[in-house]
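Take a moment with the sequence and the model below.

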Amino acid sequence: MKKNLNDEVTWQYEGVVLSREENAITLEALFNRDDMPFMDIVLKRNDRFVETFYSDRWYNIFEIYDRDDGKFKGWYCNIGKPAIIEEDFVSYIDLALDLWVSADGAQTVLDEDEFEKLNLDDDLKQKVYAGLNGLQETLKTKNPPL
């Protein structure tokens, strides 16, 4: 479940657990919205998302695969409070800032204007930017999945 700062659910969907660790869970889910252009790709209904949520990091990472040919499209990453991982659900509070990393490794920070409108305190902003910077470094060295 994706939630806003008021703890209200803004997007919810089903997924299948692929793996679980002490501070992380990886799920498989199918994109449940109509086809839409996004950056250098088209997100398509039923594209395969492999989503990793962390209970100790300020982001999550979604690997996106095309529904038709299975090709890797890129990583979509949400910056947010660490996930709450329960037995039958995962939730996180989205903090608007996102990172798109295309299959060729090019990185684009998204929704900075929305993030600024949240009027977060300095401590929370520092945690968000530290999460973003750590995520950017991690994905600089990550090779696209085959």
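Is aspartate 68 buried or exposed? Aspartate 68 is exposed, because its relative accessible area is 55%. The cut-offs are these: buried means under 20% relative accessible area, exposed over 50%, and partly exposed in between, with a 1.4 Å probe and protein chains only.

Some ground rules come next. This is a predicted model, in which local features need pLDDT of at least 70 and side-chain atom pairs count only at pLDDT 80 or more, while totals for chains, interfaces and linings use all residues. Residues are numbered from 1 along each chain as its sequence is written, and side-chain values use heavy atoms, with hydrogens and water left out.

Now the charges. Side chains of opposite charge can pair when their charged atoms come close. A salt bridge here is a side-chain nitrogen of Lys or Arg within 4 Å of a carboxyl oxygen of Asp or Glu. By this rule the model has 13 salt bridges. One of them joins lysine 44 to aspartate 66, at 2.8 Å from N to O. Lysine 44 sits in the loop between strand 6 (41–43) and strand 7 (48–54), and aspartate 66 in the loop between strand 8 (59–65) and strand 9 (72–80), so the pair ties together parts 22 residues apart in sequence. Helices (H or I, at least four residues) and strands (E, at least two) are DSSP runs, numbered from the N terminus. Lysine 44 and aspartate 66 are both buried.

Lysine 73 pairs with aspartate 47 in another salt bridge, with the closest N and O atoms 2.6 Å apart. This pair also links distant parts of the chain: lysine 73 is in strand 9, aspartate 47 is in the loop between strand 6 and strand 7, and 26 residues separate them. Both lysine 73 and aspartate 47 are buried.

Arginine 67 counts as partly exposed, because its relative accessibility is 38%. Step back, and a network of salt bridges links Asp35, Lys44, Asp47, Asp66, Arg67, Asp68 and Lys73.

Serine 102 leads back to lysine 73. It lies in strand 11. Serine 102 is buried, because its relative accessible area is 4%. Leaving out residues up to four places away in sequence, serine 102 touches Asp40, Lys73, Gly74 and Trp75. Contact means heavy atoms within 4.5 Å.

Turn to helix 2. It runs over residues 122–140. Its 19 residues should span 27 Å at 1.5 Å a residue, and the end C-alpha atoms are 27 Å apart, which agrees. The expected span is 1.5 Å times one less than the number of residues. Its buried residues are Leu124, Val128, Gly131, Leu132, Leu135, Gln136 and Leu139. Seen down the axis, they fall within an arc of 130°, so they line one face of helix 2. That arc is taken from the directions from the helix axis to the C-beta atoms. The buried residues pack against strand 8, strand 9, strand 11 (90–102), strand 12 and helix 1. On the face turned away sit the exposed residues Asp122, Gln126 and Lys140.

Finish at aspartate 111. It lies in the loop between strand 12 (107–110) and helix 1 (112–117). Aspartate 111 counts as partly exposed, because its relative accessibility is 26%. Aspartate 111 and leucine 97 are 14 residues apart in sequence and 5.3 Å apart in space, C-alpha to C-alpha.
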